[in-house]
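Visitor: Could you walk me through one part of this structure, step by step?

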Amino acid sequence: MVEINYKLLGIGIRKRRMALHMTQAELAERTDLSVSYISYLETGKKTPSLACLVSIADALDTTIDTLLTGTLTPSGK
């Protein structure tokens, strides 16, 4: 079974957010999450639910795969 590295996930979220010139407050607003929760996710101190990850990926106009790995994984591979 593959384990998720939440610290790397947080780095992926932060990198994508920064690439879009978006603040933590803007991401929090778009996802209906708190700024402190976004901060905890970005530092790997909290474990997001699948629904939370989907919401964040949508707000960042990316996929969960990209947030987890830093690269887009083709479907079916």
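Visitor: In which helix is the place of Arg17?

Guide: The model is predicted, and within it the stretch of residues 6-19 forms a helix that includes Arg17.

Visitor: Which residues of α1 are buried, and within what arc do they fall?

Guide: Arg17 is buried in α1 together with Leu9, Gly10, Gly12 and Ile13. Seen down the axis of α1, the buried residues line one face of the helix, because they fall within an arc of 155°.

Visitor: Which residues are exposed on the other side of α1?

Guide: Whereas the buried residues of α1 have a cover that includes α2 (24-31), α3 (35-42), α4 (50-59) and α5 (64-69), the other side of the helix has exposed residues. These are Lys7 and Lys15.

Visitor: With which residues is Arg17 in contact, leaving aside its neighbours within four places in sequence?

Guide: Once its neighbours within four places in sequence are left aside, the contacts of Arg17 are Met22, Thr23, Gln24, Leu27, Glu42 and Leu60.

Visitor: Which residue caps the N-terminal end of α1?

Guide: At that end, a side-chain oxygen lies 3.0 Å from the backbone nitrogen of Lys7.

Methods: Residues are numbered from 1 along each chain as its sequence is written. This is a predicted model: local features need pLDDT of at least 70, side-chain atom pairs count only at pLDDT 80 or more; totals for chains, interfaces and linings use all residues. Side-chain values use heavy atoms; hydrogens and water are left out. Helices (H or I, at least four residues) and strands (E, at least two) are DSSP runs, numbered from the N terminus. Contact means heavy atoms within 4.5 Å. Buried means under 20% relative accessible area, exposed over 50%, partly exposed in between (1.4 Å probe, protein chains only). The arc is that of the directions from the helix axis to the C-beta atoms. A polar contact is a pair of N or O atoms within 3.5 Å; within protein, one must be able to donate a hydrogen and the other to accept it, and residues adjacent in sequence count only if both atoms are side-chain atoms.
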